[in-house]
Amino acid sequence: MKRAIFLLPLVLFLGIAAFLYRGLFLDPAELPSALIGKPFPAFSLPAVEQPERTLGVADLQGRPALVNVWATWCVSCKVEHPVLNELARRGVNIVGVNYKDDNASALKWLKEFHNPYQLNIRDEQGSLGLDLGVYGAPETFLIDRHGIIRHKFVGVIDERVWREQLAARYQELLDE
Amino acid sequence: MRALIRAALLGLALSMTAHAAIDTYEFKSDAERERYRGLIEELRCPKCQNQNIADSDAPIAMDLRREIYRMLGEGQSDEQIVDYLVARYGDFVRYKPPLDARTMLLWYGPAGLLAIGFGVLAMILVRRRRSVATSASNTLSPAERERLATLLDKKDP
């Protein structure tokens with residue numbers, strides 16, 4: 001029993017070391033979203049391609065979707081764009097949120113680089129982005145057919161991210 | 001020369017305390033301005049971590065400052081404003097995390113460790129005092145004293 005007490009500092013040290021070691025591999029830029037499990041925030045915004053059309057939450061319901069927050073000023077969105085095109089080609093339902101952008105540049109971008117979005121919400125003031133807790137594009141939300149946010153990914157989606165983190169989740173939502 | 005250096009140092013010190021971001025918001029009263037200052041200093045910028053939204057120049061910090069200004073103008077309470085941001089960005093945006101089951105360790109951990117330290121210290125002190133007390137009562141019996149004397153005599157002729 002007395003011996004055991006002398007081991008205590010070692011045990012404490014190992015415990016703390018384990019925590020700190022794990023900390024080395026955590027990405028502090030990755031914030032857990034406060035919105036997981038919550039419904040997609042209500043909005044009423046025009047579509048990027050059809051200014052006269054007003055989109056709302058109801059337009060997102062019915063089938064699972066990848067809601068991708070993008071902008072033409074966002075450099076890494078350009079890197080992500082071809083991947084989204086490929087996903088759209090494979091039949092993934094992608095909805096865009098054009099975040100704090102100039103609509104003319106957005107239209108030009110979609111024309112030049114191909115349009116992977118089924119719908120594109122024009123959030124010029126960033127109000128929807130704020131409600132979504134967006135802090136840097138690109139950010140992507142996975143929503144289910146009832147419009148509930150199920151997952152959030154911050155950063156550029158590439159083939160690997162899709163394969164390892166998103167594909168299975170999206171499939172799960174389709175199968176629900 | 002010395003005055004010049006002093007002035008330069010003063011300027012440097014002042015520039016370090018000055019806030020990076022400058023907005024031109026008009027407030028109804030000084031109290032409201034104070035609340036605004038308090039809020040933006042206590043809320044953390046989600047993009048540029050380790051900066052509050054008062055100091056950050058990131059567009060998101062600018063948006064949040066504008067939003068806070070708007071909500072203050074609408075007469076919302078500090079609590080409502082903080083809750084509004086926490087609902088969107090999570091507890092991360094608060095430099096002062098709320099006290100709940102998950103943050104117990106954070107709030108009470110250091111005090112707990114200190115208490116454990118004092119506990120160990122007290123234990124050691126009590127034990128030491130006890131051993132001193134027992135050794136004091138363990139004085140030599142007359143027979144032992146005699147034997148000690150002979151032993152010492154032998155060694156030291």
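This is a predicted model: local features need pLDDT of at least 70, side-chain atom pairs count only at pLDDT 80 or more; totals for chains, interfaces and linings use all residues.
Residues are numbered from 1 along each chain as its sequence is written, and chains are lettered from A and ligands numbered from 1 in the order in which they are written. Helices (H or I, at least four residues) and strands (E, at least two) are DSSP runs, numbered from the N terminus.

**The sheet of chain A**

- Five strands of chain A form an open sheet in the order β5-β4-β3-β6-β7, and their pairing is mixed. Two strands pair if DSSP finds at least two bridges between them.
- Because β5 and β7 of chain A each have a single partner strand, they stand at the edges, and one side of each is left without a neighbour in the sheet.
- From one strand to the next, the twist averages 20°. For such angles, axes are lines fitted to C-alpha atoms (for helices over the stretch in contact), and values run from 0 to 180 degrees between N-to-C directions.
- β6(A) and β7(A) run antiparallel and are joined by five bridges. These two strands form a hairpin with five residues between them, and G147(A) in the turn has a positive phi of about 80°.

**A closer look at β3(A)**

- Strand β3 (residues 65-70) of chain A is largely enclosed by the rest of the structure, because six of its six residues are buried. A residue is buried if 20 or more other C-beta atoms lie within 10 Å of its own, exposed if 12 or fewer, and partly exposed in between, with C-beta atoms placed from the backbone.
- In a regular strand, side chains alternate between the two faces of the sheet.
- On one side of β3(A) you find A65(A), V67(A) and V69(A), and on the other L66(A), N68(A) and W70(A); all are buried, and both faces are covered.
- Five bridges link β3(A) with β6(A), and these strands run antiparallel. Here N68(A) stands opposite T140(A), and V67(A) stands opposite F141(A).
- Five bridges also join β3(A) to β4(A), but this pair runs parallel. One of the contacts to look for is L66(A), whose bridge partner in β4(A) is I94(A).
- To get from β3(A) to β4(A), the chain passes through helix α2 (residues 75-89) of chain A, making a right-handed β-α-β crossover. Right-handed means that, with the strands pointing away from the viewer, the path from the first strand over the helix to the second runs clockwise.

**Helix α5(A)**

- α5(A) lies across β3, β6 and β7 of chain A, and runs at about 165° to β7(A).
- Helix α5 (residues 159-175) of chain A has a kink of about 55° centred on L166(A). The bend at a residue is the angle between axes fitted to the seven residues ending there and the seven starting there.
- The buried residues of α5(A) are W162(A), Y170(A) and L173(A). Their cover includes β3, α2, β6 and β7 (149-154) of chain A.

**Backbone details in the loops of chain A**

- The peptide bond from A137(A) to P138(A) is cis, with omega near -5°. P138(A) sits in the loop between α4 (127-131) and β6 (139-143) of chain A.
- K100(A) is a residue other than glycine with a positive phi, near 45°. It belongs to the loop between β4 (94-99) and α3 (103-113) of chain A, and K100(A) is buried, with 21 other C-beta atoms within 10 Å.
- H114(A), also a residue other than glycine, has a positive phi near 80°. H114(A) lies in the loop between α3 and β5 (119-123) of chain A, and it counts as partly exposed because it has 13 C-beta neighbours inside 10 Å.

**Chain B and where the chains meet**

- Chain B has six helices and zero strands. Of its 157 residues, 13% count as buried.
- Eleven residues of chain A are in contact with twelve residues of chain B. Two residues are in contact if their C-beta atoms, placed from the backbone, lie within 7 Å.
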